[in-house]
Amino acid sequence: MREVMTKSMARNIFFGGSLFFIIIFVGLSVHSHRYIVTTSTDHEGITESVALGKHLWEQNGCINCHTILGEGAYFAPELANVMTRWGVEDDPEAAFETLKGWMEAMPTGIEGRRQMPNFGLKDEEYRALSDFLLWTDSIDAQGWPPNDAG
């Protein structure tokens, strides 16, 4: 090989390297999309109630305080495994009652404690939100959150 790199050699290395990494990027993107669609997401479990719960999650800005699957704010607890922590992951009715009771008990008015607003949800909305959190709890999050406390 020459000691001096010519313009054409530099251009070939640039374009060849760029093409190589573009192909790698596209391949990893396709693999990630395929994995999400076929493995990590439970499409059959997405009911109208789960979709409504997701809509309520977004509409009420829950992510402004809570994290879900590691995304969101860190003011309030992670909710990806909240139904497992509460021990109601196999009982939708208990999940609904527990979530409704917890949310209606807020705010507690304890000085210096983080307070969750009372959104004044209807029973149908509490059920949808609990169904969404149950569905989220069933996602294969590959070990997330890293501890049981969320």
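This is a predicted model: local features need pLDDT of at least 70, side-chain atom pairs count only at pLDDT 80 or more; totals for chains, interfaces and linings use all residues.

Me: How are the rings of F14 and F15 arranged, stacked or edge-to-face?

Reply: Look at the distance between ring centres and then at the angle between the planes; planes over 60 degrees apart count as edge-to-face. For F14 and F15 the centres are 5.2 Å apart with 65° between the planes, which makes an edge-to-face pair.

Me: How many aromatic pairs turn up in the whole structure?

Reply: The search finds four. Another of them joins F20 and F21: the planes meet at 80° and the centres lie 5.0 Å apart, so this pair is edge-to-face.

Me: And how accessible are F20 and F21?

Reply: Here the cut-off matters, because exposed means over 50% relative accessible area. F20, at 48%, is therefore partly exposed, while F21 reaches 56% and so counts as exposed.

Me: Let's turn to helices. At what angle do α4 and α5 pack?

Reply: For a helix pair, read the angle together with the distance between the axes. Helix α4 covers residues 92–104 and helix α5 residues 123–137; their angle is about 115° and their axes are 9 Å apart. The two are therefore roughly perpendicular to each other, and their crossing is right-handed.

Me: Which residues make that contact?

Reply: From α4 come P92, E93, A95, F96, L99, K100, M103 and E104, and from α5 come D123, Y126, R127, L129, S130, L133 and L134.

Me: What does the packing of α2 against α5 look like?

Reply: Helix α2, residues 48–59, packs on α5 at about 100°, with 7 Å between the axes. So α2 and α5 are roughly perpendicular to each other. On the α2 side, the contact involves S49, V50, L52, G53, K54, L56 and W57; on the α5 side, E124, E125, R127, A128, L129, D131, F132 and W135. This contact of α2 with α5 has eight nonpolar, two polar and five charged residues.

Me: Where does P117 lie?

Reply: P117 sits in the loop between α4 and α5. With a relative accessible area of 43%, P117 is partly exposed. For a sense of place, compare sequence and space: P117 and Q59 are 58 residues apart along the chain, and their C-alpha atoms are separated by 14 Å.

Notes: Residues are numbered from 1 along each chain as its sequence is written. Side-chain values use heavy atoms; hydrogens and water are left out. Axes are lines fitted to C-alpha atoms, for helices over the stretch in contact, and angles run from 0 to 180 degrees between N-to-C directions. Helices (H or I, at least four residues) and strands (E, at least two) are DSSP runs, numbered from the N terminus. Angles under 35 degrees count as roughly parallel, over 145 as roughly antiparallel, 65 to 115 as roughly perpendicular and the rest as oblique. A crossing is left-handed if the near helix is turned anticlockwise from the far one by less than a right angle, and right-handed if clockwise. Contact means heavy atoms within 4.5 Å. Ala, Val, Leu, Ile, Met, Phe, Trp, Tyr, Cys and Pro count as nonpolar, Asp, Glu, Lys and Arg as charged, and the others, Gly among them, as polar. Rings of Phe, Tyr and Trp (its six-membered ring) pair if their centres lie within 6.5 Å; planes under 30 degrees apart count as stacked, over 60 as edge-to-face and the rest as tilted. Buried means under 20% relative accessible area, exposed over 50%, partly exposed in between (1.4 Å probe, protein chains only).
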